[in-house]
Amino acid sequence: MNTQESGPPLEKKGYLFDRLGVYFGLLAVLMIVTFIILSLPYENTYIRESGVSDYLVRVFAVMAAATSAIFIVGLFYNAMIWMEGKVGDGGRELQRSRKLLISTNKLARAVFSRDFGRHLKVFVVDSLALRKLWRISKMRWFMHAMILFGFIGLFILDLIATAALEIFHLNAFIDQLGWGKLWIRDFGFDLFGFMVLIGLVGATARRFIFRSKQLMTGQEDFLAILLLLIVIVGGFVQEGIGMASNLPSHATPDVYSFVGAFFASFLPAVSSATYSQLWFIHAVASLALIAYIPFSKLFHLFAAPLAIQIDEIMKRRENASAP
């Protein structure tokens with residue numbers, strides 16, 4: 001009798017600690033990311049080179065930390081929604097935090113297993129390369145691929161440039177003719193930004209000009225496309241104005257900043273103070289887009305391929321362990 005009465009409380013206690021572990025882990029991630037963003041010196045980026053005041057730099061850092069926190073919480077929110085389904089343990093209904101721990105454990109085992117190479121190949125071909133979409137429509141695949149690959153490229157280059165400039169202070173990324181400055185900060189960002197722009201132009205034409213019958217366009221779709229266009233076009237406008245104004249940070253051969261050079265051909269030169277204000281407006285728009293992604297349809301563009309692959313990994317492991 002006593003054993004039966006003590007059973008359920010112990011089980012609930014276990015779930016409580018699992019839940020606390022999940023939330024403490026989330027809090028730890030938020031604290032680490034916030035510390036990194038606020039501790040960066042921001043000495044060698046376009047921010048400092050273009051004469052932006054210390055006050056705006058600190059405001060930007062605080063806003064970037066808050067945006068990162070919102071983005072991470074949004075990822076966690078979506079993960080908890082995905083956990084509404086049944087995960088492992090014979091399909092028993094568990095609390096979402098418990099399911100998240102089970103899913104994370106299975107994913108980690110798959111990553112560090114002998115089958116990682118096969119999982120990675122399938123992920124690249126089926127999920128990342130959007131093979132199913134390619135079979136449905138080549139045009140839709142092209143637009144999605146331009147946006148997806150462009151954003152992935154921008155994200156990776158941004159991490160590389162930030163680490164090279166603010167942590168390691170590499171001269172190749174600081175000197176005007178350094179290979180990092182020319183090929184990554186100038187050509188790389190222009191190339192991947194241009195890819196996103198091409199995809200956005202195609203998506204805009206498909207939704208608002210040709211108006212495909214099977215495609216429903218709501219306010220959320222309009223807002224997502226509008227924010228993306230503001231950020232991408234605004235970035236090129238910012239670069240073009242910097243080149244037209246002969247700012248040291250934008251002194252680069254046109255062949256590397258080829259999109260910026262195009263905008264510089266018809267944009268006016270401005271003072272460093274005006275450029276700083278324009279930079280801050282562009283920074284706010286970019287941070288707003290990042291904060292909005294987890295709560296919009298844009299999130300599925302990046303998360304759907306990964307979610308599909310994770311689901312496949314978990315199913316294979318469950319089938320392999322089944323008697």
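Modeller: H169 is found in the loop between helix 7 (138–167) and helix 8 (171–174), where helices (H or I, at least four residues) and strands (E, at least two) are DSSP runs, numbered from the N terminus. Please note that this is a predicted model, in which local features need pLDDT of at least 70 and side-chain atom pairs count only at pLDDT 80 or more, while totals for chains, interfaces and linings use all residues. Residues are numbered from 1 along each chain as its sequence is written, and side-chain values use heavy atoms, with hydrogens and water left out.

H169 has a phi near 50°, a positive value in a residue other than glycine. Most residues other than glycine have a negative phi. H169 counts as partly exposed because its relative accessible area is 37%; buried means under 20% relative accessible area, exposed over 50%, and partly exposed in between (1.4 Å probe, protein chains only).

A positive phi occurs at N246 too, at about 55°, although N246 is not a glycine. N246 lies in the loop between helix 10 and helix 11 (258–264). With a relative accessibility of 67%, N246 is exposed. The loop between helix 10 and helix 11 holds P253 as well, and P253 is partly exposed, at 34% relative accessibility. From P253 to M243 the separation is ten residues in sequence and 9.9 Å in space, C-alpha to C-alpha.

Two packed helices are described by the angle between their axes and the distance between the axes. The axes of helix 9 (residues 179–209) and helix 10 (residues 219–244) come within 10 Å and cross at roughly 145°. Axes are lines fitted to C-alpha atoms, for helices over the stretch in contact, and angles run from 0 to 180 degrees between N-to-C directions. The crossing of helix 9 and helix 10 is left-handed, a term used if the near helix is turned anticlockwise from the far one by less than a right angle; clockwise would be right-handed.

Which residues in helix 9 meet helix 10? They are D190, G193, F194, V196, L197, L200, T204, R207 and F208, and their partners in helix 10 are D221, F222, I225, L228, L229, I232, V233, F236 and E239. Contact means heavy atoms within 4.5 Å. The residues of the contact of helix 9 with helix 10 comprise twelve nonpolar, two polar and four charged. Here Ala, Val, Leu, Ile, Met, Phe, Trp, Tyr, Cys and Pro count as nonpolar, Asp, Glu, Lys and Arg as charged, and the others, Gly among them, as polar.

Within this pairing, L197 of helix 9 deserves attention. L197 is buried, because its relative accessible area is 14%. Neighbours within four places in sequence aside, L197 is in contact with L229, I232, V233 and F236. The C-alpha atoms of L197 and L228 are 8.6 Å apart, although 31 residues separate them along the chain.

Helix 9 also contains I184, which is buried, with a relative accessible area of 12%. Not counting residues up to four places away in sequence, I184 touches L157, I160, F173, W179 and F189. Between I184 and F173, eleven residues apart in sequence, the C-alpha distance is 8.1 Å.

N78 belongs to helix 3 (residues 54–82) and is buried, at a relative accessible area of 9%. Its side chain reaches the backbone oxygen of G74 at 2.8 Å. This is a polar contact, that is, a pair of N or O atoms within 3.5 Å; within protein, one must be able to donate a hydrogen and the other to accept it, and residues adjacent in sequence count only if both atoms are side-chain atoms. Beyond its neighbours within four places in sequence, N78 is in contact with P294 and F299. S286, in helix 12 (residues 272–292), is buried at 18% relative accessibility, and a polar atom of the S286 side chain lies 2.9 Å from the backbone oxygen of H282.

Finally, the setting of these details: the protein chain has 13 helices and zero strands. Buried residues make up 41% of its 323 residues. Among contacts in the protein chain between residues at least 6 apart in sequence, 70% join residues at least 24 apart.
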